[in-house]
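Biologist: Thanks for sitting down with me over this one. Could you show me the structure, so that we can go through it together?

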Amino acid sequence: MAKSRQQGSEWWQSLSRSPLALISAILILLLGLAALFAPWLSPQNPYDLATLNLSDAFQPPLWLPGGHWPYLLGTDNLGRGILSTILYGLRISFVVGLSVVLLAGGMGIVTGLWAGYRGGWLDALLMRLADTVFSFSTTLMAILIMGLLKARGVGAVVFAIAITDWVRYARTARGSTLTLKPEEFVSAAQALGAGSWRILTRHILPNALPPLLVIAAVDFAVVVILEATLSFLGIGVPITQPSLGMMIAIGSKYLYAGYWWMIVFPCAVLILLTMAVNLLGDWLRTELDPH
Amino acid sequence: MAGYLLRRLLQSVVVLFSVSLISFVIFQYLGDPIRTNYNPQELTRQRVVQLRRELGLDQPFYLQYAHWLERALHGDFGLSYRQRLPVMRLILARAPATLELATLALFSGTLLGLLLGIWSALHPRSLSAKSAIVTSLLGISTPTFVVGLLLILLFSVSWHWLPPFGRGTTVSLGAWRSGLLTLSGWQHLIMPVITLGLFQVGVMARLTRSGMLEVLAQDYVRTAWAKGLSSTQVVGKHALRNVLIPVITVLGMSYGELIAFSIVTESIFQWPGLGNLLLHAVFSSDQPIVVAYIVLTSLLILSLNLVVDLLYVALNPRIRYG
């Protein structure tokens, strides 16, 4: 307990020394809170078709002539406020990002630890699978899977990404296990009669965690981009639940009509979020890996 | 070496076989192609039976797959449900557009990324190096479709500098329709190439920079400087060679990403390539095209991986495959 508190304060000191990482962390926190409290923060519920007013379609942002309250950032083709839709869209980004990281991370870490510790055919199969997934890339696989599946929605997107993404975690967990297995503290635990499961969770996993955390951070950004990309292509979330990617897809149909706010604001939020996560990931990498 | 190659070939065949089987199975259970592709009013009972027989849909599943596999091995992927034309002909007609776009994006993106990475490693404190780092961070953080749309918004909608859609004027060289021989072709290529290549620039610049910083701190590089070699020789001959190995690994793994993002890029710029063919086929349940696309893409990726493995040996004589 004391150790973890001490480590926490060290992290905090290091974070406050790196202004870019600190700003990123605050930005991610703010965007996360905005997503969490979207129903209370947003002036309008963009999913409730009954409250939408088609005569409010294509309103410009508040500060331009013609803009009016409550449409701070203007409206889209259905009269949905851009700000409200962005806040609700952020929820989808966070839900998909976190679900995939937890699901793929959990599955990958368990498989990777087991494969690295036991070796054998499971290990060989895992490595071949990893080679294949890496050469095809999670992005391509997710596009093709969503193309083959006819299901649309958050659950389908999470499935299509996580089903290949876990290999990323498995490979790293396996590598760490292989280097930790010959260490003395593992042999000591074995000599004391600890079971495989206990050795893996109590002794190997805590030491294998740092590189996995870095991967999880980078992966979150990748998944958020991937969800937006799938939705932009029309094979992600349904049109009634616009995520940031879907908003941009709708806006791109009106590129020449001059309704730039339909594209520029969701794009900006998407870039801010992924860039902040990538910056925090970079900081985490230098923090955890002195190499 | 020969044993290793044989093992890799065998592995590739297994992957290809599973990929084709899985995509065939999944598509089999999704949507009746006849109902999605034909006007329901024209579909009498007899017409449906006749169409099912024509398209081979009345046979049991394993026979359909076996027939498909046998013909696929001869380069025949059947007829498109929607366009009623040989799938292979459709794919070959679209391939040049995609290959020209992807090759240009890959080469210019990799080259620019390498140069940015080397530059920012050699002059870590300069302003240009810092802006290169920011550029590469933007490159990996900005989704491809956002890059493309913002480019269109600026250069086509606001300033009217560049054409936003299509390939422009193309010239036929036998079966190959090329956009590289006309001014309009190049004008149409600029924005799609930037869109597709920016991610590559970001990945390569970050990788080269960190690799270069590591190598430059090593003794043998210091010795090379101490001998009085020119910076071209130190960097180009001694340092870069060791940086290139991880770069080639990532390059080998980025074909999948490149193909994925070419689908996105083609959809934004209405580029008449394979990615757009795939997307239209997905939306209209045109099974033969989707399966052919997946199988041919897998074939391409697996053979490129083999080439990358061989490149390793050429770059680092210490690597020998047993």
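Biologist: Are α11(A) and α6(B) parallel, antiparallel, perpendicular or oblique to each other?

Modeller: Happy to start there, with the caveat that this is a predicted model, where local features need pLDDT of at least 70, side-chain atom pairs count only at pLDDT 80 or more, and totals for chains, interfaces and linings use all residues. Residues are numbered from 1 along each chain as its sequence is written, chains are lettered from A and ligands numbered from 1 in the order in which they are written, and side-chain values use heavy atoms, with hydrogens and water left out. Helix α11 (residues 261–288) of chain A and helix α6 (residues 127–141) of chain B pack at about 120 degrees. Angles under 35 degrees count as roughly parallel, over 145 as roughly antiparallel, 65 to 115 as roughly perpendicular and the rest as oblique, so α11(A) and α6(B) are oblique.

Biologist: Which residues of α6(B) make that contact?

Modeller: Contact means heavy atoms within 4.5 Å. From α11(A) come Ile271(A), Thr274(A), Met275(A), Asn278(A), Leu279(A) and Asp282(A). Facing them in α6(B) are Leu137(B), Leu138(B), Ile140(B) and Ser141(B).

Biologist: Which residue of chain B forms a salt bridge with Asp282(A)?

Modeller: A salt bridge here is a side-chain nitrogen of Lys or Arg within 4 Å of a carboxyl oxygen of Asp or Glu. Across the interface of chain B and chain A the rule finds 1. Its closest N and O atoms are 2.8 Å apart, and the partner of Asp282(A) is Arg206(B).

Biologist: How much area is buried between chain B and chain A?

Modeller: Buried area is the accessible area (1.4 Å probe) that two parts lose on being put together, summed over both. The contact takes 46 residues from chain B and 39 residues from chain A. Carbon and sulfur atoms give 78% of the area, which comes to about 3,700 Å².

Biologist: In chain B, which residues lose the most area to chain A?

Modeller: Three of them together make up 15% of what that side buries. They are Ser141(B), Phe145(B) and Leu149(B).

Biologist: And how do α9(B) and α10(B) run relative to each other?

Modeller: Helix α9 (residues 219–226) and helix α10 (residues 231–268) of chain B have axes that come within 10 Å and cross at roughly 165 degrees. Tyr220(B) and Trp225(B) are among the α9(B) residues that meet α10(B). With that angle, α9(B) and α10(B) are therefore roughly antiparallel.

How values were computed
Axes fitted to C-alpha atoms, helices over the stretch in contact; angles between N-to-C directions. Helix = DSSP H or I, 4+ residues; strand = E, 2+ residues; numbered from the N terminus.
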